[in-house]
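Q: I am new to this structure and would like a close look at one part of it. Could you walk me through the place where two of the chains meet?

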Amino acid sequence: MTGSYSLLAADLIGVAAFAASGASAAVAKRLDLFGVGFVGFVAALGGGILRDLVIGSVPPLAFSDWRYPVTAVFVSVAVFYLHPQFNRLRRAVLLLDAAGLGLFTVTGTLKALDAGVPPVGSCLVGMLTAIGGGLARDLLTGEIPVVLQRDIYAVVALGGAAVVTGLTWLDLAGRVPLAIAAAAMTGVRLLALYRRWSAPVAAP
Amino acid sequence: MTGSYSLLAADLIGVAAFAASGASAAVAKRLDLFGVGFVGFVAALGGGILRDLVIGSVPPLAFSDWRYPVTAVFVSVAVFYLHPQFNRLRRAVLLLDAAGLGLFTVTGTLKALDAGVPPVGSCLVGMLTAIGGGLARDLLTGEIPVVLQRDIYAVVALGGAAVVTGLTWLDLAGRVPLAIAAAAMTGVRLLALYRRWSAPVAAP
Amino acid sequence: MTGSYSLLAADLIGVAAFAASGASAAVAKRLDLFGVGFVGFVAALGGGILRDLVIGSVPPLAFSDWRYPVTAVFVSVAVFYLHPQFNRLRRAVLLLDAAGLGLFTVTGTLKALDAGVPPVGSCLVGMLTAIGGGLARDLLTGEIPVVLQRDIYAVVALGGAAVVTGLTWLDLAGRVPLAIAAAAMTGVRLLALYRRWSAPVAAP
């Protein structure tokens, strides 16, 4: 899929969605304009930076392709100035975030497999690509990462990464199966939100 | 020592011990099953991931050898389900953690020296290998890292790393001297726990 | 500029200033001697370590040149033992910190450009070199990073990095223009402190 315009567009939609979630969290914490831009940048691109460092692809895409940071910062600044109107878009952001989850998992897993990372490691890299930005967003704003607490989020990424790895192993990782995998992750994530599914917590 | 089964076994014991400490902290913070697995993974493998990124050995071992993440996650899930019984094992975990401290310092320092890192840097890498996972565990669970507060822990690693570097410089870094160095670190750490030694805090 | 003694001296002044700020924060949080040394090390060298990982220059300078960690740790230990006298030096530390901001931005941006990172990415790397250590210092001491909250700090670095990138593009990045750029950043930072300039916060 690498290099295609459709992939770039999909990737930038994920970046925009994650930047919006990061910038919203930063506005809620009363950070200043720079802080909002920075947390948006990290939320959108932190997972990909971690992925690229782990697979040895330096400089990471966030630094080698200006469209990634510019998209993240542009969206973050827009959230800063428009956040009251933006609150009405919360559902749209959750939808885009679920889309980003699927897209980042697929691209992260594929890049790791391409770089020669073995299957189990590639699944972990794919999952980290999807959740790394949100983890960093929460740490920067002084919260215990929400992805570790109750949500069905990272597990969707891990399962999806396993599917992508399996498809690659079966030589079936064409454009259509991968798009279906990303869409399925997005669907499961939205279903988990709608039904308020949550992972178990240990008995006290 | 690289490649030997005894080293792998030793390394995985350290991974298991650090995963248990991470998972216990995550259970205490009421994280969900995924959060417990993730914090266990990071506590066990975060130090080694940092080491491998710093010495340019990518992908890090945590991603290139499935036995490392599988051990960490298996132990973490066991802690999640068995933690009431597990509390009785607290002493065993402290013992294993002290063993992990010695083992991770030795392997981290040796890998850095092998990669051509100069002596002072190799000591720092060895120490970071041993304490990095615990640091990340505490940050993820919203705590100021305990290793920075009162304990005699990192200083043992730093001293041990200096000994390993000295042995290597003297061409004495054979299996037996290194095993003695690891055991000595474990012993000093246990003595510090038992005697409640603590590092000084600045006068107010 | 690489390799010159004047650059090394300038770099080590920045390291010393950032170590002092990290160690002061750690003393205020009642961390022990090791914690003070570690937070000082991370505050002084964290930005440079991140820079070197991103541009693929491994092992990072903090591990390959002993003068960097030794300077950071020496200053941190001095702050630990002398911090009551040290408080009277707060103005000197703020001055040195502003100098470090300018110097680290210039060297970080140049190293990124040298490593082939495109202009937008190089500006980001230059800024991260300057603010990365302070970010890590605040995370380790349990604070939301101050650079994200109100101060005019990172924006000075970002603007300065753009100037350095422009000078390089115009083939004017000689010793004198770069020194002027660093001094200008330091001046703007001090002016922002003196006039209590702050970045805007989003309307509620």
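A: Happy to take you through it. This is a predicted model, in which local features need pLDDT of at least 70 and side-chain atom pairs count only at pLDDT 80 or more, while totals for chains, interfaces and linings use all residues. Residues are numbered from 1 along each chain as its sequence is written, chains are lettered from A and ligands numbered from 1 in the order in which they are written, and side-chain values use heavy atoms, with hydrogens and water left out.

A salt bridge here is a side-chain nitrogen of Lys or Arg within 4 Å of a carboxyl oxygen of Asp or Glu.

Helices H2 (33–55), H3 (61–64), H4 (67–87) and H6 (119–140) of chain B each supply at least two residues of the side that touches chain A. Helices are DSSP runs (H or I, at least four residues), numbered from the N terminus. H2(B) gives the most, with seven residues. By class, this side of chain B has 18 nonpolar, five polar and three charged residues. Ala, Val, Leu, Ile, Met, Phe, Trp, Tyr, Cys and Pro count as nonpolar, Asp, Glu, Lys and Arg as charged, and the others, Gly among them, as polar.

In total, the contact (heavy atoms within 4.5 Å) takes 26 residues from chain B and 30 residues from chain A. The area buried between the two chains is about 2,300 Å², and carbon and sulfur atoms give 76% of that. Buried area is the accessible area (1.4 Å probe) that two parts lose on being put together, summed over both. In chain B, Asp32(B), Phe34(B) and Phe63(B) lose the most area to chain A, together 30% of what that side buries.

Now let us turn to Asp32 in chain A. Asp32(A) sits in the loop between helix H1 (5–28) and helix H2 (33–55) of chain A. Its relative accessibility is 0%, so Asp32(A) counts as buried; buried means under 20% relative accessible area, exposed over 50%, and partly exposed in between (1.4 Å probe, protein chains only). The side chain of Asp32(A) reaches the backbone nitrogen of Phe34(A) at 3.1 Å. Leaving aside residues up to four places away in sequence, Asp32(A) touches Phe80(A) and several residues of chain C, among them Leu148(C), Arg150(C) and Pro200(C).

The loop between H1 and H2 of chain A also holds Lys29(A). Lys29(A) forms a salt bridge with Glu143(A), the closest N and O atoms being 2.6 Å apart. Glu143(A) lies 114 residues away, in the loop between helix H6 (119–140) and helix H7 (154–169) of chain A. Lys29(A) is partly exposed at 31%, and Glu143(A) is partly exposed at 38%. Over all chains, the structure holds twelve salt bridges.

How values were computed
Polar contact = N/O pair within 3.5 Å; in protein donor to acceptor, adjacent residues only side chain to side chain.
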